[in-house]
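Hello,

Here is the structure I promised to pass on. Have a look first, and my notes follow below.

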Amino acid sequence: MRVLRHFQIGFANTGKHYRTGVQRSEQAPYLLAMADALLGDRGRLRDRPIFSSICCTVSPLQHDGPMTEAHLDLAACGVPILAYPMPLAGATSPVTLAGAVLMNNVEFLSALALYQLASPGAPVIYGAGGATMDMRTGAYVAGGPEAGLIGIALVQMAHYYGLPVNAGGLATDARTVGYQSGYEGLLNGLLVALAGADEVFGIGMLESAQTLSLPHMVLDAELCRVIRYVRRGMAADDEHLMADLIARVGYGGHFLKEKETRDYFRRGEHFLPQMISHEAYEAWRAAGKSEEAVAAERARALLREHPVAPLAPEVARELEQIMADAAERLT
Amino acid sequence: MNHSELLEEMAQAVIDGDAEQAVALAEQALREGLPPLRAINEGFVKGIREVGDCFGRGEFFLPELVMGAEAMKAALEILEPELARRQEARQRLGLAVSGTVQGDIHDIGKTLVGVMLSANGFEVIDLGVNVPAATFVEQVRQRRPDLLLLSALITTTMLRQGEVIRALREAGLRDQVKVMVGGAPTTPAWARDIGADGYAENAGEAVVVARQLLGIIE
């Protein structure tokens, strides 16, 4: 029921595409019915996939039976499937990063073959989840540099097949917001983004992708902005070299009064951080707030201020009815 | 090679994680009339203790730990028939039955816990993955283990840990076994909520908790 309730609440609170993860076939018809209710006469799910679903393989070289069956059902109705292997180098795949890449790739291809055989043409997203295990404790390590290197190779493989790819990148092993969460998220997020990842997984995720933190999500939104800024790169044509302007301003003086400065800054030539501080120590100290506290405040403000278009009353009622049916029939 | 050299080599084979060498030395012990219990306690067990200590100090890593345990296991398989023939038994700290709960096929966590417990003198029966509650109950009934270890890696399958505990209660077996739970989504609070006796964050801690639950003092 939890998957269904998440789905209902999700669509009541966002106008964006929603990604779920289904565990067994019995749940699929209710999700599909809710999607139909949400779409109403705005087209069929196949033409307008308002949700997609993630299905993990289980390394080494296994599919989870009930979960895969459920996703075969969803794929048959045109729901895009994100097939996500997560081999751990040295534990559930060879210890070498290349071995983990190979394992991730063949597990994905096996899943892809299943969906295509069952529903030719079914949309499938390549999942790049290879990572490592902490050889001291056995814990899953989401934020190590190995995950970034594995991710780069997998992004290249996905694009070699002409498929969109979701790469783990922003997920961190840090328990809370701080140095570790920032460095791990930026390191791997930037690496896979520069490799060309179409989606980067892990926004707001702490504790090896086990905990969703709203303050961390706000900070990750900043990471996404900076990653996007870096990925866009730097234009260096005549227009951007601005040799004429250099000649015009000449020796000494400054560029602040120049129209180009105002215009190009306005157009996003520089990155404008929203969450980090450039102020002097004394000013920062006087404000007296940790990064996490500032982010938490911002998260609360967003929750308070962000307008959500409500579902049409008849759609909301229909979803409620589907949930009631599910509660009766699903154990 | 005299017996004390042979015993030293046995320990070394486990430290090196060399299962072939461990088997060869176990066979040599049987040929040369070294009592199997002595081979175990003064040879192989010494090796696995050293492996465990090195792991605890951060000098060894999981591959060394698992290979050491595998070498130990391979040697025991050679020596155990002779032990049985002599009607002798290895001293063990306790019997543990372990498995990953139904609906979950993640193997590695509970396997590591099993390796650590075995290395520290427990006997571990591993039921594998996707184990129904009824099987756990049946195993507790038949084998009377001291510990039942329930593993789960997914937030949806961890619920099954509670089901197993309820099934034990319904079968009237709850008081006969200490139940430990673990796995990435589980927490000490979760263990308390479902009425488990113990929780461990990782395989090393599982040994400490198991000893505490059984009242074993070094």
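Between chain A and chain B there are two residue pairs in polar contact, both at pLDDT 80 or more (a polar contact is a pair of N or O atoms within 3.5 Å; within protein, one must be able to donate a hydrogen and the other to accept it, and residues adjacent in sequence count only if both atoms are side-chain atoms). The side of chain A that touches chain B is made up of four nonpolar, six polar and four charged residues (Ala, Val, Leu, Ile, Met, Phe, Trp, Tyr, Cys and Pro count as nonpolar, Asp, Glu, Lys and Arg as charged, and the others, Gly among them, as polar).

Before you read on: this is a predicted model, where local features need pLDDT of at least 70, side-chain atom pairs count only at pLDDT 80 or more, and totals for chains, interfaces and linings use all residues. Residues are numbered from 1 along each chain as its sequence is written, chains are lettered from A and ligands numbered from 1 in the order in which they are written, and side-chain values use heavy atoms, with hydrogens and water left out.

Now to Ser52(A), which lies in strand β2 (residues 51–58) of chain A (strands are DSSP runs of E, at least two residues, numbered from the N terminus). Ser52(A) counts as buried because its relative accessibility is 1% (buried means under 20% relative accessible area, 1.4 Å probe, protein chains only). Its side chain makes polar contacts with the side chains of His17(A), at 2.7 Å, and Arg19(A), at 3.0 Å.

Best wishes

Note on methods. Helices (H or I, at least four residues) and strands (E, at least two) are DSSP runs, numbered from the N terminus. Buried means under 20% relative accessible area, exposed over 50%, partly exposed in between (1.4 Å probe, protein chains only).
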